[in-house]
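User: Hi! I'm new to this one, could you walk me through it?
Analyst: Happy to, let's take a look together.

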Amino acid sequence: MSIETEEPALELLPECVIARISNYLSLEELLALGRVSKQCRVLSQVDSVWASKAVLLGIDNETTDKRKAVTSILKKGLAELNENPTNISSIEEATRLQALKLAVDNGVFLDTSGKIASAWDLKTNALYDNFTKAYESNNIESAVMYFTALIRLDQGAKCQNFLNETLQKIFGNPSTYVNSETGVARISELKLSLSAAAEIFNIYARATPKTLFKTIVEKPIFSSINYIINISQIQNVTTFLSTVPAVCEAYESSFLANLSPTAGTNYQALCRDSFLETFELHIDAYNEMELSEFKQSTTSLIQKCMQSQDEEERTVKAFFFRNITPDPKPTDTAKDRLGRLRRSFNFYKPKVEPVENPTKNVEVDMEKILFSVQTLNLTLPSSEADSKREFLKYQMNRIKPLLDMELVKKIVKEANSVIDRLEVLVSLSDGSRISKKFQFQLECIYVEIVKTVGIDHVQTGLKKALEILDSYDNKAESTSGDKGVIDTLTNFTVLVNNADTVQQMIESIYSRCMLNNSRSSLSPGNKLRHDFEKQLDENVARGLNNGITVLVNKINYIYLTEQQESEFNNTTEVTESIKVRPTETAQKVVNILQLHTGLISAANHDMLVELYQQEIGTRFFGTVCKHIRRQTISPGMGSQRLLQDVKLYTQFVRQHMTTKQKTVLQYFEALQELVKTYAIPSDRVSELVSKLSEQNQEIFQRDELVDFLKSRSDWGRIRKDVEMELRKDGRDCFIM
């Protein structure tokens, strides 16, 4: 088919045709296709205003230049129709053909309009055939080129229909992505479909205006996603909570991630924003169910644990006191006194009411939980005093399991699963207003963890442990074998170590949930975190203080009951052949200290370890000084044994107390120097006074030095000599 027509004269080309075609084409296309000079084409990349180009090129009449360009395009298009009336080999050729059609539509080339329209149809069909062949053969570049050319001719109507039909075949019926029996989404199949859709979109996105996205790609994809989410919500909460993030992850990893970079970031943002716009319908329901389900689960687990512990305590108490019927406490109210007065004159015969046995209903409970009691390996005491002592021992041993680590790990694992799901949604919605909803949801999860695990479980367990420590009876204290480990302190420090581990777990949750709100002190999460840590430190400090008191009392008890008076009050002369060793009592005390100073060394709270060991060392120093002042110490063998004991204490502090502060070590080093004065015999009073005056006045006050001096076995004999020596040297007499 040959189309013969005269080239339209410049002055005869209607203004509407000039405007229509120049508006249809971009400035760059108009300049390039219209054979305008190279200089104008280069400048068009800098400034897109046609009038500016005309001025720069020295063109007085810009309309004439537009006419020249449009006329050149139409002339070239007519020539291409004559050369190849059925096929199109380039996007530029399609553009010129569309310009001819626009000219015909605006009254130009009316004598050949039928032939131009016929050629337009033939070439459009040929382009579509070439597009489908290229797509089916996976020739992406050719498919993109043909699709772009078709966009020029018919806005891609034929290709859009083809893509729509293809996507419908890929996704099919949305019900195929849900198991009809269980209602569980088939995410793997959805991912395959999304990957296939991404391949199509990589062709479509490079040629199609973004405004057409929803009409082609969005409908089959999002209708399937909405169906999957809606069905999961109907099934049950667990299915819904697992399906929503799984669908989002599938869309992100299988569709967005597979978009070709050539499609541009704008298209990726468009696909993401369109998904979020659809997904927003489910956000509020998801967040509400996620938080509600987590609260219900954690609260139920904590309550069951606490109820189990309380039930066990009631059971054990009932078991120990099952044969003990306490006498009713006498009362002495005015009514009772009046009753006694009436009875003495036989004016009033009282009504005797039987006293109810407090363990009346215990047997029924005991039968139900007899197996639990047998598991605890309990023996029935024979007296009320034994019952109280055995029950106190049970409470002391119960301190350690007050914090259930397996329960905490289970809750933290569940929390991390929730956070994993929310992080998928945060990642997909990052930067959008929807992301703030998920970030707030993360903070709510952290707040719930602190409330249930931190406050309801850890703090409650520590408070119960403190109540047990407050009721501590030294006579009921048990030790683990022959090692001398005090069970009360050991159990509490285990509880402290566990509490520290739980705090680290909660802190890991904080780092995941509060990353964006970590600097806001007004946020509920940060405020609750501060209150929890403060209360935890206070309870731990109070408990350790009580535990250290137990330890020091135990050491003092050992000194009082096991230290023999003759060990330090021994005037035997020490020779080189005699090797003086520390007393067994001192070795036992150091062994107990060594076992207990490292009880919380495994904790990662360095400050807590520092304070714990510092407090033990300081209190132990006071106990040793008090113990020495109670003794009668002779200058011979007795003083040497005491010196070896103090050296042993000093060596222990130096090697086993990791405290950075040197105060405790300085205390014992000063005490070691002071103890050396006991070896000075009574006939060297001047030397004795001189050594005493050299002691560390910051550690030992004058009255304390006098107390140490009084513990010498020869004090009665040297007292006057000491006073005279002090007066001789002009020192104040400090001996009362």
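Analyst: Helix 23 passes helix 24 in a right-handed crossing (the near helix is turned clockwise from the far one by less than a right angle; left-handed is anticlockwise). This is a predicted model, where local features need pLDDT of at least 70, side-chain atom pairs count only at 80 or more, and totals for chains, interfaces and linings use all residues. Residues are numbered from 1 along each chain as its sequence is written, and side-chain values use heavy atoms, leaving out hydrogens and water.

User: At what angle do the axes of helix 23 and helix 24 cross?
Analyst: Roughly 160°, with the axes coming within 11 Å. The two helices are therefore roughly antiparallel (over 145 degrees; under 35 counts as roughly parallel).

User: Which residues of helix 23 make the contact?
Analyst: Val 589, Leu 593, His 596 and Thr 597, facing Tyr 612, Gln 613, Ile 616 and Phe 620 of helix 24. Contact here means heavy atoms within 4.5 Å.

User: What share of the residues is buried?
Analyst: Of 736 residues, 46% count as buried, meaning under 20% relative accessible area with a 1.4 Å probe, protein chains only.

Note on methods: Axes fitted to C-alpha atoms, helices over the stretch in contact; angles between N-to-C directions. Helix = DSSP H or I, 4+ residues; strand = E, 2+ residues; numbered from the N terminus. Parallel < 35°, antiparallel > 145°, perpendicular 65-115°, else oblique. Buried < 20%, exposed > 50% of the residue type's maximum accessible area, 1.4 Å probe, protein only.
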